[in-house]
Amino acid sequence: MKKKLVILSGAGISQESGLKTFRDMGGLWEQYDVTEVASPEAWRKNPELVLQFYNERRKQLWKAKPNAGHTGIAELEDWFDVEVVTQNVDDLHEQAGSTKVLHLHGELRKARSLVDPNLVYTLENWELEMGDTCEKGSHLRPHIVWFGEMVTEIEKAAVIVQNADIFVVVGTSLVVYPAAGLVHYIRPGTPVFVIDPHKPEVFINDVEYIQEKAGRGVEILKEKLQKLE
């Protein structure tokens with residue numbers, strides 16, 4: 001029976017595929033605070049601007065490819081029961097071949113109904129426009145957890161973390177809550193690895209840091225995991 005390997009991933013792994021964070025997008029977006037394009041209030045005030053912002057992000061994603069970090073994590077399924085809990089809204093883990101991925105903050109390639117959150121649609125291209133509606137005639141919004149909204153998948157993520165035999169953090173600084181709080185669900189004695197060039201603080205004992213970017217860091221992780229077997 002394979003050991004359960006749980007990976008918590010963040011923006012750092014996607015940056016190596018050329019996906020820019022909000023702060024890095026520049027241009028038009030330099031004049032906006034993130035809450036002006038990623039909150040329920042922003043949607044009510046200026047839905048066109050919100051759609052434009054996510055269309056720009058989606059356009060990036062349509063061109064992006066998984067990097068060595070993503071493919072390395074997918075390859076770990078040959079030896080472990082791997083579950084990925086990601087803060088990222090891209091689908092690069094899935095593109096790389098990971099089969100169990102939980103998105104905490106939603107999915108960029110999807111849209112959902114304003115009147116029925118269970119009506120979720122996969123977009124066929126990168127544009128979501130004003131006037132696009134669900135089967136009930138209601139407008140579609142990005143399938144994203146905005147600032148001020150509940151992270152509905154966090155309880156499911158906590159259970160996944162509690163069941164981990166090995167826990168890995170890659171590409172996240174562990175400052176965004178509630179995702180950062182998942183480390184408190186790790187069982188005592190569980191081996192923990194953190195892959196990040198900046199060495200984020202993890203307030204639990206026995207953490208092994210791999211101070212590399214995701215691609216190289218996952219390769220080093222593989223070598224270390226072989227020694228645990």
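The model is a predicted one. Its largest pocket holds about 1,300 Å³ of space, and its largest nonpolar core has 24 residues. A second, separate core has 23 residues.

**Largest pocket**
- The largest pocket, of about 1,300 Å³, is lined by 48 residues.
- A11, T21, Q87, N88 and V176 are the lining residues closest to the centre of this pocket.
- Two elements, α1 (11-15) and α3 (47-63), each give two or more residues to the lining of the largest pocket.
- By type, the lining of the largest pocket consists of 25 nonpolar, 14 polar and nine charged residues.

**Second largest pocket**
- The second largest pocket has about 250 Å³ of volume, and 15 residues line it.
- Closest to the centre of the second largest pocket are G106, H143, V145, T152 and E153.
- Strands β3 (101-103), β4 (106-113) and β6 (140-144) each contribute at least two residues to the lining of the second largest pocket.
- That lining is made up of six nonpolar, five polar and four charged residues.

- Strand β8 spans residues 192-195 and is covered on both faces.
- V192 and V194 lie on one side of β8, F193 and I195 lie on the other, and all four are buried.
- In a regular strand, side chains alternate between the two faces of the sheet.
- β8 pairs in the parallel sense with strand β7 (residues 166-170) over four bridges.
- β8 also runs parallel to strand β9 (residues 207-210), to which four bridges join it.
- F193 of β8 is the bridge partner of V168, and F193 also stands opposite E208 in β9.

**Nonpolar cores**
- Within the largest nonpolar core, the residues with the most contacts are V50, Y54, L108, L128, I144 and W146.
- α2 (40-45), α3, β4 and β6 each supply at least two residues of this core.
- Leaving aside residues up to four places away in sequence, W146 touches A38, S39, P40, W43, V50, Y54 and R141.
- V50 and Y54, two of those contacts of W146, are also among the residues with the most contacts inside the largest core.
- The second, separate core includes A164, A180, V183 and V194; V194 is also one of the buried residues of β8.
- In soluble globular proteins, nonpolar side chains tend to be buried together.

Methods:
Residues are numbered from 1 along each chain as its sequence is written. This is a predicted model: local features need pLDDT of at least 70, side-chain atom pairs count only at pLDDT 80 or more; totals for chains, interfaces and linings use all residues. Side-chain values use heavy atoms; hydrogens and water are left out. On a 1 Å grid over the protein atoms alone, a cavity is a set of points where a 1.4 Å probe fits but cannot get out, and a pocket is an open set with protein on both sides within 12 Å along at least five of seven lines; lining residues have an atom within 4 Å of a point. Grid points are joined across faces, edges and corners, and a volume is the space filled by probe spheres set on the points. Ala, Val, Leu, Ile, Met, Phe, Trp, Tyr, Cys and Pro count as nonpolar, Asp, Glu, Lys and Arg as charged, and the others, Gly among them, as polar. Buried means under 20% relative accessible area, exposed over 50%, partly exposed in between (1.4 Å probe, protein chains only). Two strands pair if DSSP finds at least two bridges between them. A nonpolar core is a set of buried Ala, Val, Leu, Ile, Met, Phe, Trp, Tyr and Cys residues joined through side-chain atoms within 4.5 Å. Contact means heavy atoms within 4.5 Å.
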